[in-house]
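Have the sequence and the 3D view ready.

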Amino acid sequence: MSHDVSFTKDELMAVLDEVKDPEVPVLSVVELGVVRDVEVLDGSVRVTVTPTYSGCPAMAAIEHDIDEALRAHGVANVEIRTSYVPAWTTDWIPAAAREKLRRYGIAPPGPVDPEAPVQIGRRRAAVRCPFCGSMHTQLRSEFGSTACKAIHVCEDCRQPFEEFKAL
Amino acid sequence: MSDLSEYLLRLADDRLVLGHRLSEWCGHAPILEEDIALANIALDLVGEANLLLTLAAGSDASGRDADALAYTRDAIDYRNCLLVELPKGDFAVTIARQFFFSSYALAQSDALRQSSNAELSGIAVKMHKESRYHVRHSGDWMLRLGLGTDESHARLQAAVDELWRYTGELFLPDEVEQRVVAAKTGVDSSTLEAPWRAQVLDVLEQASITTPEVVWMQRGGRTGRHTEHLGHLLAEMQVLQRQHPGATW
């Protein structure tokens, strides 16, 4: 399809920025860092994606939504490529997107340090409550409703909340 | 089968079999948070297995894809260690097994990040990050059970005593592994034992659990000599593809 060539990368990125993550619908797949690249090739568009977690069950839905959004925009041939290098990290989520998460009621991820020793049996540093801003919160489980979230509870406003885990 | 495929199958099968075992807790864990945690960890492990099997399939001349490797191999062709195929037991057995395996997986993925195979190295970076959460989860529970009630302590001690004899196999290199190590693709398992022991013995001591004295370590998984438990697990996991080969939905 020759008309595919007329698309620009910025234009397609803007289209993909409208595709929300099915499990965190306040963020787009671009803000989340799942979309790594968009290339306008001769006759097709190639999107490179990387999964958040190895077993993330939303990846198939995300790929479907990306394909659908680009087709609706008029791209006839969409190719989706999965890349594992470099591995996805929450450090890629920009500040503005973190603020969106907080307003949505999910505490944004802290900094990532994969080289720090694994702490067993120690209280983890408290995570700020996204509702009342209190630091008087407690971790209930490092595993939440999706692979990427942990469950906390705020001792001040008594609200349970989720944290986007640092990975 | 190439040495690399064989090596990748070991990594993949450990995670696939343990992920399946862990999924048996779904809907049965003692509390809701734990049900979610165990299912999440199972998902990570099966996801890691999928990546590794896909890579193994790519370097295997037989043309089998990841699904064929998972669903059409018999027990004798599975390369997982014996530790991961044992029945899930009570919660203490599950936690002790997770702690032993996750501590091993953490040290292993840490080293595999340096693999000369770029794809394996990339997968290892991911596995390493996920293993850190897995070690924290089971490590915290080791302390909670060990320092909890008389009942929880007794159950954890029994679990550790029962499982200990299956940990030696994790650190036994063989010729396949030596060749993969020589190619700088894989990791010498024997080098993982020191960091594993340092972490595990420290937590056992903190949990006031006595480290077992074992004179005989079980082995055989890496060469396809399994316990009778693996066949039952595979029968359940593979039933659909065995009865309806190639079925998709």
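## Two domains in chain A

Chain A has two domains: domain 1 covers 2–88 and domain 2 covers 93–164. This is a predicted model. Taken over C-alpha atoms, the centres of domain 1 and domain 2 of chain A are 27 Å apart.

The two domains of chain A also touch. Domain 1 of chain A brings 11 residues to the contact, and domain 2 of chain A brings 10 residues. On the side of domain 1 of chain A that touches domain 2 of chain A, 6 residues are nonpolar, 3 are polar and 2 are charged.

## The build of chain A

Chain A holds 3 helices and 7 strands. Read from the N terminus, its elements follow the order α-β-β-α-β-α-β-β-β-β. The C-alpha trace of chain A spans about 60 × 30 × 25 Å along its principal axes.

Chain A has 167 residues, and 37% of them are buried. Now take the contacts in chain A between residues at least 6 apart in sequence. Of these, 55% join residues at least 24 apart.

## A buried residue and an exposed one

Is Ile106(A) buried or exposed? Ile106(A) has 21 other C-beta atoms within 10 Å, so it counts as buried; the cut-off for that is 20 or more. Find Ile106(A) in strand S4 of chain A, residues 106–107. Leave aside its neighbours within four places in sequence. Ile106(A) is then in contact with Val24(A), Leu101(A), Pro130(A), Glu162(A), Glu163(A) and Phe164(A). Lys149(A) is 43 residues from Ile106(A) along the chain, yet their C-alpha atoms are separated by 8.7 Å.

Next, look at Ser145(A). Ser145(A) sits in the loop between strand S5 (137–141) and strand S6 (149–154) of chain A. Ser145(A) counts as exposed because it has 11 C-beta neighbours inside 10 Å, and 12 or fewer is the limit for exposed. Ser145(A) and Cys132(A) are 13 residues apart along the chain, and 22 Å separate their C-alpha atoms.

## Where chain B meets chain A

How many residues does the contact take from each chain? It takes 30 residues from chain B and 21 residues from chain A. The most come from H5(B), with 17 residues.

## Two packed helices in chain B

Two numbers describe a pair of packed helices: the angle between their axes and the distance between the axes. Helix H4 (residues 91–112) and helix H6 (residues 150–163) of chain B pack at about 50 degrees, and their axes are 8 Å apart. The angle therefore makes H4(B) oblique to H6(B). The crossing of H4(B) past H6(B) is right-handed.

Which residues meet here? H4(B) brings Ala92(B), Val93(B), Ala96(B), Arg97(B) and Phe100(B). H6(B) brings Arg155(B), Leu156(B), Ala159(B), Val160(B), Glu162(B) and Leu163(B). By class, the contact of H4(B) with H6(B) has 8 nonpolar residues, no polar residues and 3 charged residues.

Technical notes: Residues numbered from 1 in each chain as written. Chains lettered and ligands numbered in written order. Predicted model: local features only at pLDDT ≥ 70, side-chain atom pairs only at ≥ 80, totals over all residues. Contact = placed C-beta atoms within 7 Å. Helix = DSSP H or I, 4+ residues; strand = E, 2+ residues; numbered from the N terminus. Axes fitted to C-alpha atoms, helices over the stretch in contact; angles between N-to-C directions. Parallel < 35°, antiparallel > 145°, perpendicular 65-115°, else oblique. Left-handed = near helix turned anticlockwise from the far one by under 90°. Nonpolar A, V, L, I, M, F, W, Y, C, P; charged D, E, K, R; others polar. Domains from an automatic or database assignment.
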